[in-house]
Amino acid sequence: MLKAVPGFYNYFADEFGNIWSTKWSSKPKLLKWAIKSNGYAQVSLMSNDDKLRYLGVHQVVLLTFVGPSNGLQVLHKDNNKLNNKLDNLTYGTPKENISTRDHAKGERNGLSKLTTESVLE
């Protein structure tokens, strides 16, 4: 089910984490997103006041289906930054966000430069 994104004419979100636009035609078109350097999916939307906004897909989905964040952060229940399905997202405090993360250690950390094998050599 497509639901209008508040504050953004011609943009819609669905519960599967997709963002759609009717800006150029009456038939909704699935928007492409980019992965930011922090690992989150991002889309660019033109706001009602004609300003280009870059928003996380997770933020757009919760804004659309739950409402404004009121200072809270969006949490991914499964810690997968690219799983933007509505049932995987919730608002929470920064402390809750940090405590639910899977802190990958060693080569599982995306910033790791070494593998276990290369260290043992």
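**Strand pairing, a buried asparagine and a core**

Modeller: A4 stands opposite F12 in strand 2. This is a predicted model, in which local features need pLDDT of at least 70 and side-chain atom pairs count only at pLDDT 80 or more, while totals for chains, interfaces and linings use all residues. Residues are numbered from 1 along each chain as its sequence is written, and side-chain values use heavy atoms, with hydrogens and water left out.

Biologist: What makes strand 1 and strand 2 a pair?

Modeller: Strands are DSSP runs of E with at least two residues, and helices are runs of H or I with at least four, numbered from the N terminus. Two strands pair if DSSP finds at least two bridges between them; two bridges join strand 1 to strand 2, so these antiparallel strands pair.

Biologist: Why is strand 1 (3-4) called an edge strand?

Modeller: Four strands form an open antiparallel sheet in the order 1-2-3-4, and strand 1, like strand 4 (29-30), pairs on one side only.

Biologist: Why is N88 called buried?

Modeller: Buried means under 20% relative accessible area (exposed is over 50%, partly exposed in between, with a 1.4 Å probe and protein chains only); N88 has 6%, so N88 is buried. N88 lies in the loop between strand 8 (73-76) and strand 9 (89-92), and its side chain reaches the backbone oxygen of N83 at 2.9 Å.

Biologist: What makes I19 stand out in the largest nonpolar core?

Modeller: Such a core is a set of buried Ala, Val, Leu, Ile, Met, Phe, Trp, Tyr and Cys residues joined through side-chain atoms within 4.5 Å; of the 17 residues in the largest one, I19 and L45 touch the most other members. Helix 1 gives the most to this core, with five residues.

Note on methods
Polar contact = N/O pair within 3.5 Å; in protein donor to acceptor, adjacent residues only side chain to side chain.
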